[in-house]
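I am opening my notebook for a friendly look around one structure. Come along, and keep the picture beside you as I write.

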Amino acid sequence: MSETFLEFQIPHQKLFNGIQFPLVLSPNPKSQTPPSSLSLFTQAIKTEKSFLDSVLHRSGAVLLRGFPVNTASDFNDVVEAFGFEELPYVGGAAPRNKVVGRVSTTNDSPPDQKIPFHHEMAQVTTFPSKLFFFCEVEPGSEGETPIVLSHLVYEKVKERHPEFVERLEEHGLLYTRVIGEDDDPSSHIGRGWKSTFLTKDKSVAEERAANLGMKLEWLEDSVKTIMGPIPAIKFDKTRQRKIWFNSMVSAYTGWEDARNDPVKAVTFGDGKPLPADIIYDCENILEEESVAFPWQKGDVLLLDNWAALHARRSFNPPRRILASLCK
């Protein structure tokens with residue numbers, strides 16, 4: 001039970017083993033100190049941190065709706081109140097820009113591009129354990145951020161394609177991506193190498209890539225990044241279950257731009273090609289099990305990156321969803 005936060009239902013939730021996904025919390029009208037201002041809200045987060053941690057661990061995703069969060073700066077204060085350490089965005093593919101403090105845009109690619117399901121930065125070895133999203137401007141229409149529980153995806157794929165999952169567990173995955181020098185906002189994987197490695201120096205870029213377990217091959221006006229083999233299935237120790245932790249469907253169906261052919265972007269760890277029919281069935285499973293709720297201005301979504309994958313549907317502007325990554 002919580003003094004400040006009241007659990008309530010929205011039409012788009014799903015119930016898994018008696019637990020709502022996502023769990024939705026709103027201000028408790030019976031609270032003695034209702035979080036009617038941003039400072040009262042951030043204070044309540046600090047006071048009830050153990051409650052919020054426990055519901056996130058139980059559900060995998062928590063939507064905070066109806067709280068006084070209006071601007072990017074407000075959102076930054078909320079993120080800070082949770083006390084998680086910031087994770088720098090090194091090695092990620094999305095073109096995004098810093099807004100304020102620990103807050104950045106999510107993906108600056110064109111609104112007609114959908115972004116397939118992925119765990120944040122699953123294609124590198126250093127990835128966030130938690131991520132926050134914030135709706136600053138509601139989408140004109142569509143533009144949801146669908147989410148899906150990773151262990152359910154693993155179980156469903158294993159049920160339908162046991163030999164494929166066995167090969168994934170044995171060999172892992174190899175990701176290959178060609179990136180330019182500067183950001184290409186026309187592509188949702190268009191982050192240039194200077195942004196990817198937060199440097200203009202090639203030798204520093206090589207060093208930072210090596211820290212991620214990534215190899216670089218310099219081309220005339222771009223660089224090929226080779227990552228892996230890395231696991232496609234992980235074990236979530238805190239929940240004692242296997243999870244579908246990869247960017248396989250995202251890479252195979254979506255890593256396409258002037259420099260990249262998605263079919264070549266991801267292979268088994270031994271370099272052998274992935275079976276297209278199974279990849280597309282995995283995509284179906286992700287969609288079938290997912291939850292997509294319409295964003296409302298002021299919404300803050302806290303996602304456990306170990307528990308859930310997320311995606312982005314195409315949308316009609318305006319839409320401004322901001323993000324913050326945590327270790």
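**Entry 1**

I began with my terms: on a 1 Å grid over the protein atoms alone, a cavity is a set of points where a 1.4 Å probe fits but cannot get out, while a pocket is an open set with protein on both sides within 12 Å along at least five of seven lines, and lining residues have an atom within 4 Å of a point. I joined grid points across faces, edges and corners, and took a volume as the space filled by probe spheres set on the points. I also noted that this is a predicted model, where local features need pLDDT of at least 70, side-chain atom pairs count only at pLDDT 80 or more, and totals for chains, interfaces and linings use all residues. Residues are numbered from 1 along each chain as its sequence is written, and side-chain values use heavy atoms, with hydrogens and water left out.

How many cavities of 30 Å³ or more does the rule give? I got three.

The largest cavity has a volume of about 310 Å³. I listed 24 lining residues for the largest cavity, and Ala94, Asn107, Ile115, His118 and Glu120 lie nearest its centre. For strands and helices I used DSSP runs numbered from the N terminus (helices: H or I, at least four residues; strands: E, at least two). Strand β19 supplies three residues, the largest share of the lining of the largest cavity. I sorted residues by class: Ala, Val, Leu, Ile, Met, Phe, Trp, Tyr, Cys and Pro are nonpolar, Asp, Glu, Lys and Arg are charged, and the others, Gly among them, are polar. The lining of the largest cavity then has ten nonpolar, ten polar and four charged residues.

The second largest cavity holds about 60 Å³ of space. Its lining includes Gly91, Tyr175, Arg177, Met227 and Trp255. Strand β12 (173–180) gives the largest share of the lining of the second largest cavity, three residues. By class I found five nonpolar, four polar and one charged.

**Entry 2: the largest pocket**

I turned to the largest pocket, with about 280 Å³ of space. Of its 16 lining residues, Tyr89, Arg96, Lys98, Ser104 and Arg191 lie nearest the centre. The lining of the largest pocket divides into six nonpolar, four polar and six charged residues. Which strand gives the most to this lining? I found β21 (residues 320–326), with three residues.

**Entry 3: strand β21**

Next I asked about cover, calling a residue buried under 20% relative accessible area, exposed over 50% and partly exposed in between (1.4 Å probe, protein chains only). Six of the seven residues of β21 are buried, so β21 is largely enclosed by the rest of the structure.

Then I looked for partners, as two strands pair if DSSP finds at least two bridges between them. Strand β7 (residues 103–105) runs antiparallel to β21, joined by two bridges, and Thr105 has Leu322 as its bridge partner. Strands β9 and β21 also pair in the antiparallel sense, over seven bridges, with Phe132 opposite Ser324.

**Entry 4: rings**

I counted rings of Phe, Tyr and Trp (its six-membered ring) as a pair if their centres lie within 6.5 Å, with planes under 30 degrees apart stacked, over 60 edge-to-face and the rest tilted. The whole structure has 18 aromatic pairs.

Why is the pair of Phe127 and Trp306 edge-to-face? Their ring centres are 5.6 Å apart and their planes stand at 65 degrees, so the pair falls in that class. Phe127 is in the loop between β8 (115–118) and β9 (130–137) and Trp306 in the loop between β18 (300–304) and β19 (308–312), so the pair ties together parts 179 residues apart in sequence. Phe127 counts as buried at 16% relative accessibility, and Trp306 as partly exposed at 25%.

Trp306 also pairs with Phe245: the centres are 5.7 Å apart and the planes at 35 degrees, so this pair is tilted. Phe245 lies in the loop between β16 (241–244) and α8 (248–254), 61 residues from Trp306. At 0% relative accessibility, Phe245 is buried.

I also found one aromatic cluster, formed by Phe75, Phe82, Phe84, Phe132 and Phe134.

**Entry 5: helix α3**

Phe75 and Phe82 are among the buried residues of α3. In this helix (residues 72–82), eight of eleven residues are buried. Gly83 follows α3, with a positive phi near 80 degrees.
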